[in-house]
Amino acid sequence: MAIPAWKQVAETKRQSTLDAIPDKWRIKGPIPSATEQRDVTGAYIQQFLTEREIEITETDAVGITERTTTGQWTAVEVTEAFCHRAALAHQLVNCLHEIFFDKALETARALDAYFAQTGKPLGPLHGLPVSLKDQFHIPGVETTMGYVGWINTFQGISNDPRYLTHESELVKELRAAGAVLYCKTSVPMTLMSGETMNNIINYTQNPKNRFLSSGGSSGGEGALIALRGSPGGFGTDIGGSIRVPAAFNGLYGIRPSVGRMPYEGAANSGDGQNTVLSVIGPLATSTRGLTLLFKSVLGQSPWLGDPGVLEIPWREEVEKETRGLVEGAPEGLAFGIMYDDGEIEPHPPIKRALKIVEDTVRGLGHRLIKWEPPSHHTAANIAMRAYDLDGGADVRQNFALSGETPLPQVVIDTTGSPQKAAQEIAALNVEKREYQKRYLDYWNSTTQLTGTGRPVDAVICACAPHASCIPTKYATVAYTSFINVLDYTAVVLPVTNADKEKDVVQERAYLSELDRKTDGEYDADVYDGAPAGIQLFGRRLQEEKILVLAEYLGEKIKKASA
């Protein structure tokens, strides 16, 4: 039986990505299976690197720029170290769509020449390698977004003059800040999945536990950064797509509110759907790395290039006020905490992560309040209906370009349900607005419980019921999509790793049939070693505040988990 043409196209593209890796960086011999080598982070990947490369790649974004902006490290040596490590990461877990190391080294050489000539850095990210999810257009680099039908086209359009010339606004801002762009990372077809899989790269595994998923849809970013093949990069989030990969890979990530980061000129799925908007945000190995990336983009005045960006520079006064609360408020801070979403209880590793955070917060003398808001399932239902407003027309059109087969992990309708009429869309928007108002009123009501004279400062909850997930077993988006409906700010913090000795299933009553099913899919041996994180969220446009709180709690949690 003949192989379908689309499979041959996908195989050619997959091979071309591997062929872009220099021979000197190829892993000799077969890649071990997950059974032979579950965890390929740390010592495993280090065996292929020099001590100098390890030193560079295991320094966070702030530490790197402290050296590249002062001439202690050259942009070339830093770029080459991360290109090498990214090449290794891809061979181990399938995390890259596009490799353009030669272009990156050209950029790095130009930055070094600029520094030599002027004695100063180009910008705050001078010489910092930054990875990008494969939604962002870079001149001379293809964007497939996981669709076979987008190969050798501009977003599926053949012979479009923008092919290989178009540049996303975020890319412009990063270049102006001095960043070095060197690779684009894998995404699930359609972007709408909690796992990263497509017919081009197949499946992106979790580097800490290759039996499991790296998350989605910014799963390639999560996997690459977890392997320290990038100090930080940018993903997008419409239902959890930054936060899930951050949590699944033991990283920090921020989902900002709409209007803080520039989306102009980026590819997207279901472009024009405005009920629940996708947003851009960074993932990194530290909270200060997140802050550096976030501030550096804002420092380029992105509102001058993207009409959707609010003219809100980094607010030093909010950062200072929040640091004052952290360091000296006599009444302390108050946090809400939500242990489950009312339908599914988290697996044992996530419950233990929440307990570690709870104990840490209480140990610091802050108040914890049980968070009992309007149902997050109401929000999840609103989100799912927003994703399906076009009845799947956009994704079906993109599948039809090549005739490729949709994969089962895609969470939106690909079968062709009726598109919603204007009146139905308007009703959904009203429903969303009313839900946002109920949630805001609930948040404000907690002023009576905190003892600080303020409502809760932030809320702690899980990102998913599981620490990563077994392929095809992602349980629900309800733990993350409510944030997108509310348009709140959320930052992910790593807490611990699943431990088969500690994280044992206990007999309990189930909240629902889905809870029973999800609990039955937990296997302590399979999940062993998977990262377990939480999200800390605040109200809309509270990025400065939540980043400061995340930095504070993250440091304390790290000590508690050591």
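Modeller: Let's start with Ser-468, which sits in the loop between strand 13 (458–462) and helix 17 (478–486); helices (H or I, at least four residues) and strands (E, at least two) are DSSP runs, numbered from the N terminus. This is a predicted model, where local features need pLDDT of at least 70, side-chain atom pairs count only at pLDDT 80 or more, and totals for chains, interfaces and linings use all residues. Residues are numbered from 1 along each chain as its sequence is written, and side-chain values use heavy atoms, leaving out hydrogens and water.

Biologist: Thanks! Why is Ser-468 called buried?

Modeller: Its relative accessible area is 0%, and buried means under 20%, with exposed over 50% and partly exposed in between (1.4 Å probe, protein chains only). Therefore Ser-468 counts as buried.

Biologist: And what makes the pair Ser-468 and Asn-206 a polar contact?

Modeller: Their side chains are joined at 3.5 Å. The term asks for a pair of N or O atoms within 3.5 Å; within protein, one must be able to donate a hydrogen and the other to accept it, and residues adjacent in sequence count only if both atoms are side-chain atoms. So the pair qualifies.

Biologist: Now strand 9 (residues 252–255): how do you know that strand 9 pairs with strand 10 (residues 279–284)?

Modeller: DSSP must find at least two bridges between two strands; here there are 2, and the strands run antiparallel. Gly-253 stands opposite Leu-283.
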